[in-house]
Amino acid sequence: MGPVGISGIAYGGDYNPEQWPEHVWVEDVALMREAGVNLVSVGIFAWALLEPTEGTFTFDWLDRVLDLLHGAGIRVDLATPTAAPPAWFAHRHPGSRPVTREGRVLGAGGRQGFCPNSAEYARAAVRITEELGRRYGRHPALALWHVHNEFAGVNAHCYCDTCAAAFRGWLRERHGDLDTLNAAWGTSFWGQRYGSFGQIEPPRVAGTAVNPALQLDYLRFCSDAHLANYQRERDVLRALSPGVPITTNFQIANCKWLDYWKWTTEVDIVANDHYLQAERLDNHIELAMCADLTRSLAGGASWLLMEHSTSAVNWQARNIAKRPRELARNSLAHVARGADGVMFFQWRASAFGAEKFHSAMLPQGGTDTRIWREVTELGANLAALRDLRECPVAADVAMVWDWESWWALELDWRPSIDLAYRERVEAYYEQLWRAHLTVDFVHPEGDLGRYPLVVVPSLYLTTPAAAKNFGGYVDNGGTLLVSYFSGIVDGNDTIHPGAYPGALRDVLGLTIEEFLPLRGGELVQLDGGGLADVWAEDVNLSGAAALRRYADGPAAGGPAVTRHRRGDGQAWYVSTRLSGPPLASVLAEVYRDAGVTPPPGVPDGVELVRRGELTVVINHRADDVTLDLAGTELLTGERSVDGVHVPAGLVRVLR
Ligand code: GAL
């Protein structure tokens with residue numbers, strides 16, 4: 001049995017029977033069985049139906065839904081409905097509505113329209129959670145608890161007076177006394193010194209840049225407030241429903257605002273929602289990155305893909321439909337990278353409401369549709385792939401990922417508006433993906449020792465502990481690759497003393513005389529070929545050697561790419577924005593240094609991941625490929641000795 005008590009890979013989606021008359025439920029369950037569905041998420045937005053007026057509850061309909069599902073052998077991921085407080089709640093507690101940075105009180109009629117620090121909200125959320133826990137905590141259909149839905153989805157930051165008061169309490173905890181806070185925030189700058197905690201306000205819109213350390217602490221405070229809301233409900237369920245795993249659905253691709261490293265130990269199994277950035281032609285690379293990051297948050301353990309889409313979503317600028325077989329490629333790419341569950345938003349397409357143009361497992365057109373046929377085929381294939389479940393994914397290299405550093409890097413008044421955290425992570429990830437290398441993500445202070453290569457994209461905020469971690473890693477024989485604008489400030493957004501990059505000067509064996517951001521559209525040439533843009537630096541070597549120099553531009557003649565041999569290892573530095581083939585050519589040298597060997601003979605556009613004893617091959621190309629691999633294919637049963645043939649757009653899983 002897997003972590004949620006399912007003997008194979010979990011398959012299903014959000015099930016919202018409250019949108020349909022009861023006779024449809026019977027058809028739903030019959031079709032779920034036909035599609036191979038074994039897990040559904042129920043009740044996510046049902047608060048107003050479960051508690052129609054404050055303190056009165058109507059559970060009979062949910063009793064019938066759970067019993068029906070149980071009778072059909074379909075397990076239930078039961079949600080607390082707290083992401084959608086009922087209309088009576090917002091009406092009765094107007095002070096609980098979120099307030100924007102500009103001071104606008106947000107209206108009702110959507111979802112997540114509550115302030116994350118509202119005491120009235122917390123009380124109401126606990127009450128409905130207790131009722132659900134008491135009633136269903138031991139229900140035989142219950143496999144998993146799904147707390148809330150995508151915390152911080154639309155109410156990540158609230159700037160109301162309740163939040164201001166809570167922020168002051170949080171600051172006392174973090175900094176202790178006012179002198180420490182004033183020093184940490186550098187409030188002697190612009191005469192911002194605080195004489196009491198009561199004088200501190202959230203970083204509301206001001207005439208000019210608000211103190212960046214204050215802003216950074218506010219982001220931490222908000223992330224913690226959402227976590228506290230999760231923990232509160234989790235603790236209620238743990239007491240009332242012992243032994244049943246509890247999770248919440250992360251959204252690591254779309255949500256910048258939660259520090260999920262802090263959440264991973266709070267959930268019993270990591271679950272993530274992923275939606276393609278559909279307009280991007282290479283969106284399957286971003287998908288792979290998010291799947292690798294999710295597995296890394298899970299500490300390598302298996303995780304659940306709690307939501308994705310069978311085809312188009314409804315909330316992007318242009319909602320591009322998935323083409324035939326893309327659904328299976330997307331789903332199996334998540335499985336290859338550690339997912340033990342493939343779930344969708346949602347089971348049956350809605351007839352009304354804001355999401356009626358969103359694809360579903362059962363489309364508006366019913367069962368005589370391509371999507372339905374692909375959904376049933378996927379269900380059968382997942383059943384055939386049950387051996388993948390709980391197998392560890394073999395990673396080749398590591399990449400550092402840090403939400404706090406991301407927040408800090410993208411605050412206002414940085415040296416260039418073109419500096420962007422995810423852009424750099426994705427640029428490096430793309431090259432690793434194209435080299436068919438599997439990536440684990442690690443926290444900057446996490447254990448690096450087992451990786452031959454660690455890539456550090458633009459880690460602007462680098463704590464002394466992280467810098468020490470990187471230094472020790474290199475001394476012990478590791479190969480570190482750092483991209484520009486890393487090692488600049490500490491956790492309070494204060495510059496590390498001395499020349500840039502203060503925290504990483506020693507390990508990189510260089511100093512930066514000056515940042516030389518480029519003009520919009522300006523390109524610089526590196527010797528030996530390759531154009532770069534956005535950023536350059538005036539680098540002085542103090543132990544490192546220059547492996548590429550700037551051929552022109554503001555840093556002409558100076559080092560652009562360097563390597564510092566130190567201890568038993570080496571630290572590479574890329575001081576400009578390289579992408580595509582020029583970045584690939586630097587990386588090829590780094591791989592040689594690190595002893596990392598990309599699998600030979602795999603064409604570009606073919607994804608190859610090893611999970612346990614199985615190898616998953618996904619052909620994203622428009623033509624067929626043959627790979628030099630031997631084994632038995634799990635989906636077709638074919639045995640191949642002299643190469644495995646993977647038709648265009650298909651997936652093969654080899655043992
Ligand atoms: C998710 C959300 C779902 C649904 C979906 C549509 O972010 O959790 O409830 O709205 O997006 O893509």
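**A strand pair and its surroundings**

Tutor: Six bridges pair β21 with strand β22 (residues 614-619) in the antiparallel sense, where strands are DSSP runs of E with at least two residues, numbered from the N terminus, and pairing requires at least two DSSP bridges. The model is predicted, so local features need pLDDT of at least 70 and side-chain atom pairs count only at pLDDT 80 or more, while totals for chains, interfaces and linings use all residues. Residues are numbered from 1 along each chain as its sequence is written, and side-chain values use heavy atoms, leaving out hydrogens and water.

Within this pair, arginine 611 has leucine 614 of β22 as its bridge partner. The two strands belong to an open, antiparallel sheet of three strands, in the order β21-β22-β27. Because β21 (606-611) and β27 (651-654) stand at the edges with a single partner strand each, one side of each has no neighbour in the sheet. Neighbouring strands here are turned against each other by 15° on average, direction ignored, the angle being taken between lines fitted to C-alpha atoms, within a range from 0 to 180 degrees between N-to-C directions.

Apart from neighbours within four places in sequence, threonine 615 is in contact with Leu608, Val609, Arg610, Leu629, Arg652, Val653 and Leu654, contact meaning heavy atoms within 4.5 Å.

Nine strands form an open sheet with parallel pairing, in the order β5-β4-β3-β2-β1-β9-β8-β7-β6. Its edge strands, β5 (246-247) and β6 (249-250), each pair on one side only. At the β6 end, two bridges join β6 to the parallel strand β7 (residues 271-273), and asparagine 249 has alanine 271 of β7 as its bridge partner.

Elsewhere in this sheet, strand β3 (residues 75-79) is mostly covered, with four of its five residues buried. On one flank, strand β2 (residues 39-42) runs parallel to β3 and is joined to it by four bridges, with valine 40 opposite valine 76. Strand β4 (residues 142-146) is likewise parallel to β3 and joined to it by four bridges, and alanine 79 stands opposite histidine 146 of β4.

Two helix pairs complete the picture, helices being DSSP runs of H or I with at least four residues. The axes of α10 (residues 326-336) and α11 (residues 370-384) come within 10 Å and cross at roughly 30°, which means that α10 is roughly parallel to α11 (under 35 degrees is roughly parallel, over 145 roughly antiparallel, 65 to 115 roughly perpendicular, the rest oblique). This contact is made by Leu327, Ala328, Ser331, Leu332 and Val335 of α10 together with Glu374, Val375, Leu378 and Leu382 of α11.

The axes of α13 (residues 421-434) and α16 (residues 580-594) also come within 10 Å, but cross at roughly 65°, and α13 is therefore roughly perpendicular to α16. Ala427, Tyr428, Gln431 and Leu432 of α13 make this contact with Gly580, Leu583, Ala584, Leu587 and Tyr591 of α16.

Methods
Buried < 20%, exposed > 50% of the residue type's maximum accessible area, 1.4 Å probe, protein only.
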